[in-house]
Amino acid sequence: MVMIDLYIFSGFVASLFGFVLLYNLRRKIRKTKGTKVVGGEESIKTSPTAGGGLRKEDGGDADIIIVGAGVAGAALAYTLGKEGRRVHVIERDLTEPDRIVGELLQPGGYLKLIELGLEDCVRDIDAQRIFGYALFNGGKDARLSYPLEKFESDVSGRSFHNGRFIQRMREKAATLSNVRLEQGTVTSLLEDEGTIKGVQYKTKNGEVITAYAPLTIVCDGCFSNLRRSLCSPQVDIPSSFVGLILENCDLPHANHGHVVLADPSPILLYPISSTEVRCLVDVPGQKVPSIANGEMANYLKTLVAPQLPHQLHDAFIAAVDKGNIRTMPNRSMPANPHPTPGALLLGDAFNMRHPLTGGGMTVALSDIVLLRDLLRPIHDLNDASTLCKYLESFYTLRKVCCGLKFYHFHAI
């Protein structure tokens, strides 16, 4: 009872704090002269005819420009489009992504999908339900289930091919007449007197274009080339994931993620379809054994395979022999934004945690719900002063929300 009362009191204080911030935050806007292109290697003054034939789009074409159409960008495009905003999404590659992370959505993330009306995007992609984790250490194992008793029967984690999930969300966003998806590479943000006015991008045909909107949201992922204009990134790379797909094998605990507490670091396994299991081997440091000269295969067979549950040994060796071994650096980056009028960071471009936590997509979807609710009272995004106050509130309120969720988790 004391814990519950404290939780309610904390929620009240956080809500009051958020209300005060929402109406009282102010920001000193930097004063600069002219329009600048920022975020690339250079910062240059530009005009509609500069740069060898830049073409300026009509300023009224979009209310919001979204850079990137991954999990965060695609979900955001649909969400804001459904709110009636005119959304222009610019994505470097609109073909189906092929990644080895972003494949396991926690139950909290699935609840956010429901809240956003996107839960159907995990249907018809052979997604698997996840009810918890199994831990393996020294030949023993224990199963830890999510506390889902109080939720509807459909609520659980979901695991899937990342690319299939993203394509479903892109397709759903594209069904809205006020959402425009375009393939192109955003090279710079356009700044005028301290305010971001839009972007400069190159189309797939090589044409360089400037696009303008009252709000630009950067969701271009962990490799973002624009984040330095909007935050002070401190990216840490503690390890790398080595990814394989195990085929036609059964995990010891069905519909659970599996974490093997191995030497020198953990191994993660989970189903991504009805016939495939993703295996991610964490390799400490920034250097991994070479795939080309066979060092990686030897590392996996001699050091990793003996530590796996015996039911998975043969499928793991077969996956190594098949040779489709992928690697990806594991990045973590705390949120350290520079609140900037006219622009916002979201997703991995803004904040990253080690993929072993499995929380990246859930955080992004939660941020989208918060941003949607913050923007709802603003009927005209061209009201720069009001928009600026609400955007500043986003960075603060997301910390309050994350803190309350952390507290609630431990109270449970």
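Author: H4 and H8 pack at an angle of about 35°, and their axes are 8 Å apart. Axes here are lines fitted to C-alpha atoms, for helices over the stretch in contact, and angles run from 0 to 180 degrees between N-to-C directions. Helices (H or I, at least four residues) and strands (E, at least two) are DSSP runs, numbered from the N terminus. The model is predicted: local features need pLDDT of at least 70, side-chain atom pairs count only at pLDDT 80 or more, and totals for chains, interfaces and linings use all residues. Residues are numbered from 1 along each chain as its sequence is written, and side-chain values use heavy atoms, with hydrogens and water left out.

The crossing of H4 and H8 is left-handed. That term applies if the near helix is turned anticlockwise from the far one by less than a right angle; clockwise would be right-handed.

Now the contact itself. From H4 come Gly-108, Gly-109, Lys-112, Leu-113, Glu-115 and Leu-116. They meet Thr-362, Leu-365, Ser-366, Ile-368, Val-369 and Arg-372 in H8. Contact means heavy atoms within 4.5 Å. By class, 5 residues are nonpolar, 4 polar and 3 charged. Ala, Val, Leu, Ile, Met, Phe, Trp, Tyr, Cys and Pro count as nonpolar; Asp, Glu, Lys and Arg count as charged; the others, Gly among them, are polar.

Next, Tyr-110. This residue lies in helix H4. Tyr-110 is buried, with a relative accessible area of 1%. Buried means under 20% relative accessible area, exposed over 50%, and partly exposed in between (1.4 Å probe, protein chains only). Tyr-110 and Leu-365 are 255 residues apart along the chain, yet their C-alpha atoms are separated by 9.0 Å. Leaving out residues up to four places away in sequence, Tyr-110 touches Leu-105, Glu-119, Val-122, Asp-154, Val-155, Ser-156 and Arg-158.

H5 (residues 162-174) has 13 residues. From first C-alpha to last, H5 reaches 19 Å, close to the 18 Å expected at 1.5 Å a residue. The expected span is 1.5 Å times one less than the number of residues. Among the buried residues of H5 are Phe-165, Ile-166, Met-169 and Ala-173. The buried residues of H5 pack against both H4 (107-116) and H8 (360-375). Their other partners are helix H3 (71-82), strand E5 (87-91) and strand E11 (179-192).
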